[in-house]
Amino acid sequence: MSQILSEKEKQSIEELRSRLSDELKEVPSYSDDYSLLRWFIGWDYNIEAIVPKLKYLLTTLSALKLHEADFSSIDKVNHYVTDISKAAKYCPGGIAGYDKEGNVVMIQPMGRSDPKTLLSTCRLSEMMKIGISESEGVMSLIRANEERLNQKLGTIIICDLEGFSLDLLWMPGMKFYMLLLQTLQAMYPDIIKKIYVIRAPQAIHTAYNMVYHVLSKENRDKVEFLSANWKEKLQEVISPDQLFEYWGGTRQAATPFGHIRMGGKVPTELRYDANRSPLDCTSEQFSTLSVPARFSKTVVVKVDLGGSRLQWFFRVSSGDVKFSIVHSSGKVMQPVFLLNTEFVPECGEVSCELPGEYTLTFDNSHGKLWSKEIKYCVQVLVPDAS
């Protein structure tokens with residue numbers, strides 16, 4: 001059944017298109033009615049709050065080049081995510097299929113997550129990219145079905161807590177998970193149709209109380225804990241051929257859980273080791289930057305030759321800092337992420353198609369009392385003349 005927009009919705013959508021016309025030209029997939037309508041539903045038609053949030057999403061997608069990714073099928077989305085990092089397959093989750101209405105079905109076997117080895121392996125920026133890339137892939141699949149059915153759709157999430165242990169309540173892991181959850185909720189409002197929690201142990205109440213305060217009000221109302229008959233309940237909304245055997249379905253695969261990433265401990269050889277990191281700097285190469293609470297500081301790097309590569313590496317003395325890179329034209333090269341380096345230092349590179357100044361910002365404006373000491377090194381690699 002098609003969804004007819006009200007006059008208020010049509011006017012709001014047109015105003016949003018006008019105010020973000022430049023960003024929507026860069027990421028045109030978000031120009032359609034349903035993609036913009038969910039922002040008004042998610043943020044209660046407060047356009048002044050919506051504009052900066054949607055702008056952040058669009059500039060982030062552009063900086064990470066996700067607007068150029070091929071997310072035309074479930075397999076392509078899943079492959080894109082696992083290609084981000086060798087450790088990506090230890091981040092539980094994946095897209096299973098579609099429910100009976102055309103909503104995308106995601107499965108998150110969070111009970112099998114091992115946050116201690118995961119945070120000792122991946123940069124936080126890398127894990128943020130995994131979460132955003134998968135969410136953007138889901139959004140692309142939803143959008144394709146919306147165009148086909150002319151109906152606003154969303155995603156069904158099955159949160160599987162089989163294997164849950166108190167190790168999952170390890171505070172650094174919980175802190176990152178809640179940060180990622182907050183970030184994705186802000187970037188993808190009104191996308192969740194339902195969250196089914198299955199195989200939940202008694203001890204889940206402590207963890208859920210922590211997550212509950214991070215969930216938006218609309219998403220809190222969509223959480224349903226299923227009891228022992230969860231397989232039958234899921235099949236009321238999802239056809240068995242869309243679910244793998246592990247979740248009560250009939251979909252055939254080499255394993256009972258198919259391509260869904262099942263988590264587990266990350267092997268030792270994949271965990272961060274400074275001796276194996278090509279971007280890790282020696283103490284002589286580091287520069288030091290002290291960023292007071294409530295302030296930010298910048299490092300400006302001049303790039304003379306287009307096609308050069310800008311590489312960075314940094315550690316924060318304690319706590320976290322917001323990091324981003326912007327070209328002198330205003331183009332965001334590395335989106336703003338709140339990062340800490342307690343377990344793995346941050347490093348990366350961007351391709352500098354345009355010459356000019358690249359401003360690296362270390363932002364501690366969210367800090368209340370403590371300054372942050374940043375040890376960093378930055379280098380520009382020019383194209384090989386040959």
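Modeller: Two strands count as paired if DSSP finds at least two bridges between them, and please keep in mind throughout that this is a predicted model. In this structure, strand E9 (residues 320-327) and strand E12 (residues 356-363) pair in the antiparallel sense over six bridges, and within that pairing His327 stands opposite Tyr358 in E12.

Colleague: Which other strand pairs with E9, and over how many bridges?

Modeller: In general, strands of a sheet pair through backbone hydrogen bonds, either parallel or antiparallel. Here E9 also pairs with strand E10 (residues 332-340), in the antiparallel sense and over six bridges, where Val326 has Val332 in E10 as its bridge partner. The two strands form a hairpin with four residues between them, and in that hairpin Gly330 takes a positive phi near 100°.

Colleague: Is E9 largely enclosed or open to the outside?

Modeller: A residue is called buried when its relative accessible area is under 20%. Six of the eight residues of E9 are buried, and therefore the strand is largely enclosed by the rest of the structure.

Colleague: What is the strand order in the open sheet of four strands?

Modeller: The order is E6-E13-E8-E11, with antiparallel pairing. Strand E6 (287-291) and strand E11 (346-352) are the edge strands, each of them pairing on one side only, and neighbouring strands of the sheet are turned by 25° against each other on average, if direction is ignored. Within this sheet, strand E8 (residues 308-316) pairs with E11 in the antiparallel sense over seven bridges, and Trp312 stands opposite Gly348 in E11.

Colleague: How does the span of helix H7 compare with the one expected?

Modeller: Helix H7 (residues 124-149) has 26 residues and reaches 37 Å from its first C-alpha to its last, which is close to the 38 Å expected at 1.5 Å a residue. H7 is mostly covered, with 20 of its 26 residues buried, and Asn150, which follows the helix, has a positive phi near 50°.

Colleague: Why can the chain be called as compact as a globular protein of its length?

Modeller: The chain has 11 helices and 13 strands. Its radius of gyration is 22 Å, close to the 21 Å given by the globule rule for 386 residues, so the chain is as compact as a globular protein of that length. Of these 386 residues, 48% count as buried, and among contacts between residues at least 6 apart in sequence, 78% join residues at least 24 apart.

How values were computed:
Residues are numbered from 1 along each chain as its sequence is written. This is a predicted model: local features need pLDDT of at least 70, side-chain atom pairs count only at pLDDT 80 or more; totals for chains, interfaces and linings use all residues. Side-chain values use heavy atoms; hydrogens and water are left out. Axes are lines fitted to C-alpha atoms, for helices over the stretch in contact, and angles run from 0 to 180 degrees between N-to-C directions. The expected span of a helix is 1.5 Å times one less than its number of residues. Buried means under 20% relative accessible area, exposed over 50%, partly exposed in between (1.4 Å probe, protein chains only). The radius of gyration is taken over C-alpha atoms; the globule rule is 2.2 Å times the number of residues to the power 0.38. Contact means heavy atoms within 4.5 Å.
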